[in-house]
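Colleague: I am new to this one. Please walk me through the terms you use for it.

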Amino acid sequence: MILLPAIDIRGGKAVRLRQGHFDEETVYVDDPLEAARSWVEHGATQLHVVDLDGAREGRPVNLRHLERIAQELEIPVQYGGGLRSEVAVREALLAGAQRVVLGTAAYTDLEFLDGVLELWGVRIVVAIDVREGHVSVSGWTKATQMLPETVIERMQERGVKQFIYTNVDRDGMLNGPDLDEVRRMGEVIRGRFLYSGGIGSLDDLRALKELRLVNLAGVVSGKALYEERFTVGEAQDVLQERTRAA
């Protein structure tokens, strides 16, 4: 398992939201590139970049920041937010994203999803953002009645092999992941997935590691890193250590 530090961009700055609410924002770094450089200098081997402006507007807004990060740091970057057309996905990949994260359009436009999967395959990641037990879309601003398990099954039938699962209710709260929830998702997902939401300590990371889910490839963390609950290096050590025998 690996750690992907999260860089959420809004208004040109690196921020974090509380439970996905845009009116509960904390600005941590004025320049997203500086935030990214800091994580890489501390040992990050991949980054997770979210265009919050793009997620709300339905089109990429912060591609220039993605391009700066990818060019200057030369490590794999996963990018999402507002990617709702083939053109937008192509632009993000050309700007330097190794993988792109799809949300709303993956659910609402299956022709689009099929097209980008055919073109880019495993470079496509689908976001499963869950609030109060149901999938949320449009930058976490719109609730649906879709259950995450049902969505995952449908996406897999269409060829999706990579997911990022976020518990939005826990996001930015630092109160730990719901381990039973993560275990359930691990049983449904046949490909690989990343987990995000509520991670606040090394013990949280250790607990995820000790679930022994072979398809849990890594963890995305933002607020805990910004607030120095642990360092990138400490997190990597925990996630890569051998799991204790039962």
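Predicted model: local features only at pLDDT ≥ 70, side-chain atom pairs only at ≥ 80, totals over all residues.

Colleague: Which residues of helix α4 are called buried?
Modeller: Ala-88, Val-89, Ala-92 and Leu-93, in the helix spanning residues 86-94. Buried means under 20% relative accessible area, exposed over 50%, and partly exposed in between (1.4 Å probe, protein chains only).

Colleague: Why do you say that they line one face of the helix?
Modeller: Seen down the axis of α4, the buried residues fall within an arc of 135°, so they line one face. The arc is that of the directions from the helix axis to the C-beta atoms. The face turned away from the buried side carries Val-87 and Leu-94, which are exposed.

Colleague: What makes strand β10 mostly covered?
Modeller: Six of its six residues, 162-167, are buried. Gln-162, Ile-164 and Thr-166 lie on one side, with Phe-163, Tyr-165 and Asn-167 on the other.

Colleague: How do you know that β10 and β11 pair?
Modeller: Two strands pair if DSSP finds at least two bridges between them. β10 and β11 (residues 192-196) have five, in the parallel sense, so they pair. Ile-164 stands opposite Leu-194 in β11.

Colleague: Which strand does β10 join through another five bridges?
Modeller: β7, also running parallel. Asp-129 stands opposite Thr-166 in β10.

Key:
Residues numbered from 1 in each chain as written. Heavy atoms only, no water. Helix = DSSP H or I, 4+ residues; strand = E, 2+ residues; numbered from the N terminus.
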